[in-house]
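Hi,

Here is the structure for your files. My notes follow below it.

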Amino acid sequence: MIIIKKYRTLLLFPFLAVCVFASLYFVNHNQGLYDRPIAEVTDSTIIETTDMEDTTGNKDRVYIQQLEAVMKNGQYKGETILLSNKYSMSGANDQRYEPGNELFVSIDPGGKKNKALNGHIEDVKRDQYLMIMTWAFIVFLLIVGKKQGLFSLITLGVNALILSYALDVYLNSEKVGLLLACSVGVIAFTLVSLLFVNGFNEKTYAAVVATLIGTFLTLLISYIVIRFTAGDGLRYEEMQYLTRPYQLVFMAGILVGCLGAVMDVAITLSSSIFGLYEKNPDISTKALRTSGFDIGKDIMGTMTNILFFVYISGGIPMLILYFKNASPLGFTLSMNLSLEMTRALTGGIGIVLAIPIGIYTAIFFVNRKRVKA
């Protein structure tokens, strides 16, 4: 049996290598599958440079780049096209192109000038870079997690499909509310993620129950607080273009956002408590409870910090933009971080609640297992 497993491992890596190289070769030679014209840059020349400064003292430099490229698909395949690219040193909404970059272009209808086509840059072909990142994630996950990593990868794909389907049902049905659709999705996420990866056992059942109780209790507390404070201090400007009730959209985001943290805490505590019981079946309930709270205290701070950094990191570009334009500190933080801070705080509440819920739920299932034994 051990020899068979070794052979499977030895065969896995060549198979992954073949898949990686085949997929990378495909995305680098798939231009003919696109309807949009694609050109590969062969030469780049900067023809103009301009220094700029605004009223608040922000300095930037703007470049105009002349590009020569070769068409890679369509009726003009193999012909040369001339393109112009304007980009800034900051690169906020533009970028510099180098030989080897593949661009989606539009061809001017005026025909050839100086024996070359003329056109405009529409977008960048990035599928090869996305493929590299995807395979890096998959390979590292399989190397570190092995069988569990494979299961995690499958559950990630299934959960993405569940979320997509839940949102699709909400958008196409007036009778289904967003919170209802997301609640059903959260239950499905939890069952798929925990049962598929950790198996059908008492430890997993305890984690599932603790996750669902902790997540929906966090949602209830958030709803009550926002309802009684009338959402005072929350700035929904980033949702101003929605044609749906923005408060419900925000609550649905809280529900889905805190699920991962609560699930992580629940399965950690459940695994730890069941691990202690399996090593010493005679261990007392008090000892399990004490050990569970010790573990919970250790992970509480790190998990809360993780949520804080994850949510706040998304607001850094806008913070820099506001500060560079001399906006007051209070106004800047209120405009850009009110929703993110609320998400982080509610996630922290979920983590704290998940600790006692996870401990007592795991102990309940441990005691039930004792009775069966």
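Buried residues make up 35% of the 373 residues in the protein chain. Buried means under 20% relative accessible area (1.4 Å probe, protein chains only), exposed means over 50%, and partly exposed lies in between.

This is a predicted model: local features need pLDDT of at least 70, side-chain atom pairs count only at pLDDT 80 or more, and totals for chains, interfaces and linings use all residues. Residues are numbered from 1 along each chain as its sequence is written, and side-chain values use heavy atoms, with hydrogens and water left out.

The protein chain has eight helices and five strands. Its order from the N terminus is α-β-β-β-β-β-α-α-α-α-α-α-α. Helices (H or I, at least four residues) and strands (E, at least two) are DSSP runs, numbered from the N terminus.

On overall dimensions, the C-alpha trace spans about 90 × 65 × 40 Å along its principal axes.

Now the cores. A nonpolar core is a set of buried Ala, Val, Leu, Ile, Met, Phe, Trp, Tyr and Cys residues joined through side-chain atoms within 4.5 Å. The largest has 24 residues, and Leu194 and Phe250 have the most contacts inside it. At least two residues of this core come from each of α2 (127–172), α3 (178–198), α4 (202–229) and α5 (246–279). The biggest share is from α5, with eight residues. Another core, of 23 residues, lies apart from it and includes Val262, Ala344, Ile363 and Val366.

Best wishes
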